[in-house]
Amino acid sequence: MGKIFLKDITLDGRQVDIVVDEGVIAAIRPAGGWPVKPAMTEGALAMTEGAPDVTIDCAGKTAMPGFVNTHTHAAMSLMRGVGEDMVLKDWLDHVWSIEKNLDNDFVYWGTRVAALEMAMTGTTVFNDMYWYPSAAKKATSDSGLRGVISYVFLDGFNKETAERQKDECEAFIEEAKSWEDRVIPSISIHSIYTVREEAIIRAAELARRNGLRIHIHLAETEAEVTDCKAAHGGLTPTEYFDSLGVLGPDVIAAHSLWLSEKDVEILGRRGVNCVHNINSNLKLASGYRFLWKELRDAGANVCLGTDGCASSNNLDMLEAMKTAAIVEKAWRKDPTALPIQELLDMATVNGGKALGLKTGKIQEGWDADIQIVDTDSTFFLSPAPFLANYVYSAHSDCVNSLIAGGRLVMRDRIVGGSKEVLEGGRSQLKQINKTK
């Protein structure tokens, strides 16, 4: 990966030099301290000896932790706008009819397109739930980002499909043992309304036996709660998952929107990672009253995600942050709701915790996931705190460069191979349109 030297960059209002080495933040010191001074500790000295491979003059720029998109369907970047103005049930039926024609190439190029978009909007790590995980893994590796790629259980209550998926998942787990550290395998259970009970239990057991995280959709719509109660003796989706022994600190629960007080207590007690997907929820009219404060106080780890482009239409975490905050303030009728630092934590360090990664903070010894933000624009002229200008005023094109896991993925708004990625995406769209 090489050594990267960020010269004269602003961090928490002070000018510093940052050294990235072997994928981690090796040293942070006052600007002008290169080369290494003898007063440094022995450990820091060992990590920062020698000239850097890349030096970036960051005068006028600010260091921010890379975003962690804790729930998305990456390859859906090629399915933007396929189901506009539809309720979730109709939207799902439409999407699934398209997905019957997908293959490895579609998922590879769709994931590459998503990774390009995420890099250009400041995301360094993403948690994915989609088909053809081997293709998604290769795309993630080739993109330079870091990702959690899952095998998805979705059997439509068909016993034969459930058995086939069990075998496929076991093969996936074996294959993933050879993956590099930048890409992490996991297991997804799509939802209670698409997966047989036996398969839900089996998937959770497979995940825990192999030390993998479990990625689920939970309580996304009011109808999901109503239907679950009717089918399972009055249990909510949260209560039902809990009755099956699924919930725990290794579970990432996307949406977590329609929750009772008891649901919140369960999710907190189990230490579940609950992901807010505000733009998708709003666009599909699934709901907007996300109980971030109640979940946090109960003990859950609250994170942020975009969902897939077929419902949210983009993978811009900065946009998701702003929308999450202003909607929270509006429905609670409280302008102090969702303070900006907690909002940033949801988009960074909390997502890292959910995925078992030491990311989301710019500190020595932490993973080198860094946004380099260009503040030379109208958005940052105000004397307001940097975070306020960053979240409420700026757009994600203020992200000038990006380091993901110690790898320089974007520099001066240029991502290597972007033209090839766009052409690959176009070619897949032509193929999929032929099969409709």
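**Close-up 1. Packing of helix α12 against helix α15 in the predicted model.** Helix α12, which spans residues 317-332, and helix α15, which spans residues 386-393, have axes that come within 8 Å and cross at roughly 95°. From α12 the contact draws on Leu318, Met321, Lys322, Ala325, Ile326 and Lys329, and from α15 on Tyr390, Val391 and Tyr392. Sorted by class, the residues of this contact are 7 nonpolar and 2 charged, with no polar residue among them.

**Close-up 2. Packing of helix α12 against helix α13.** Helix α13, made of residues 340-347, packs with α12 at an angle of about 135°, and the two axes lie 10 Å apart. The two helices are therefore oblique to each other, and the crossing in which α12 passes α13 is right-handed. On the α12 side the residues that meet the partner helix are Met317, Met321, Ala324 and Ala325, while α13 contributes Leu343, Leu344 and Ala347. The contact of α12 with α13 comprises 7 nonpolar residues, with no polar and no charged ones. Met321 and Ala325 of α12, named here, are also listed for the contact with α15.

**Close-up 3. Packing of helix α5 against helix α6.** Helix α5, covering residues 159-176, and helix α6, covering residues 197-209, pack at an angle of about 10° with their axes 11 Å apart. Since angles under 35 degrees count as roughly parallel, α5 is described as roughly parallel to α6. Ala162, Glu163, Lys166, Cys169, Glu170 and Ile173 form the α5 side of the contact, and they meet Ala199, Arg202 and Leu206 of α6. By class, this contact of α5 with α6 holds 5 nonpolar and 4 charged residues, and no polar residue takes part.

Close-up 4. Helix α2, which runs over residues 88-99, supplies the largest share of the lining, namely 6 residues. Divided by class, the lining of the largest cavity has 13 nonpolar, 6 polar and 3 charged residues.

Conventions. Residues are numbered from 1 along each chain as its sequence is written. This is a predicted model: local features need pLDDT of at least 70, side-chain atom pairs count only at pLDDT 80 or more; totals for chains, interfaces and linings use all residues. Side-chain values use heavy atoms; hydrogens and water are left out. Axes are lines fitted to C-alpha atoms, for helices over the stretch in contact, and angles run from 0 to 180 degrees between N-to-C directions. Helices (H or I, at least four residues) and strands (E, at least two) are DSSP runs, numbered from the N terminus. Angles under 35 degrees count as roughly parallel, over 145 as roughly antiparallel, 65 to 115 as roughly perpendicular and the rest as oblique. A crossing is left-handed if the near helix is turned anticlockwise from the far one by less than a right angle, and right-handed if clockwise. Contact means heavy atoms within 4.5 Å. Ala, Val, Leu, Ile, Met, Phe, Trp, Tyr, Cys and Pro count as nonpolar, Asp, Glu, Lys and Arg as charged, and the others, Gly among them, as polar.
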